[in-house]
Amino acid sequence: MEKKEEEEKNVETHICNNPDCKNEGKLRCPNCLKLGIKKESYFCGKECFKSYWTEHRKIHELCKIKLYNIFNIYR
Ligand SMILES: [Zn+2]
Ligand SMILES: [Zn+2]
């Protein structure tokens with residue numbers, strides 16, 4: 001059963017997830033998008049995304065574990 005996720009339309013400012021970078025995050029990690037991760041999923045560009053990938057991917061692992069909880073909250 002697939003449920004189409006509503007995209008947020010309110011324009012929020014996100015900061016690049018790379019801790020060494022304080023640029024505005026405009027690129028959203030496609031994996032986070034799939035997993036429904038809203039926080040920590042933005043990057044200013046592909047460079048930061050790539051360079052922080054090894055760290056960032058851990059979020060996906062965590063999220064997969066937490067996915068059940070998210071579903072409960074999300075309903
Ligand atoms: Zn991600
Ligand atoms: Zn960045």
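## Contacts and basis of the model

Two residues are in contact if their C-beta atoms, placed from the backbone, lie within 7 Å. Among contacts in the protein between residues at least 6 apart in sequence, 40% join residues at least 24 apart.

This is a predicted model, in which local features need pLDDT of at least 70 and side-chain atom pairs count only at pLDDT 80 or more, while totals for chains, interfaces and linings use all residues. Residues are numbered from 1 along each chain as its sequence is written, and chains are lettered from A and ligands numbered from 1 in the order in which they are written.

## Overall fold

The protein contains three helices and two strands, arranged along the sequence in the pattern β-α-β-α-α. Helices (H or I, at least four residues) and strands (E, at least two) are DSSP runs, numbered from the N terminus.

Of the 75 residues in the protein, 16% are buried. A residue is buried if 20 or more other C-beta atoms lie within 10 Å of its own, exposed if 12 or fewer, and partly exposed in between, with C-beta atoms placed from the backbone.

## The nonpolar core

A nonpolar core is a set of buried Ala, Val, Leu, Ile, Met, Phe, Trp, Tyr and Cys residues joined through C-beta atoms within 7 Å. The largest one here has seven residues: Cys16, Cys29, Cys32, Tyr42, Phe43, Cys48 and Phe49. At least two residues of this core come from each of β2 (42-43) and α2 (46-51).

Beyond its neighbours within four places in sequence, phenylalanine 43 has contacts with Cys16, Asn17, Asn18, Gly25, Leu27, Cys29, Cys48 and Phe49.

## Histidine 14

Histidine 14 lies in the segment before β1 (27-28). This residue is partly exposed because 18 C-beta neighbours fall inside 10 Å. When residues up to four places away in sequence are not counted, histidine 14 touches Glu24, Gly25 and Tyr42. Its C-alpha atom is separated by 7.2 Å from that of lysine 26, twelve residues apart along the chain.

The loop between α1 (30-35) and β2 holds glutamate 40, which is partly exposed, with 15 other C-beta atoms within 10 Å. Most residues other than glycine have a negative phi. Glutamate 40, although not a glycine, has a positive phi of about 60°.

Lysine 64 belongs to helix α3 (residues 53-74) and counts as exposed, because it has 10 C-beta neighbours inside 10 Å. Lysine 64 and leucine 35 are 29 residues apart in sequence, and 7.5 Å separates them in space, C-alpha to C-alpha.
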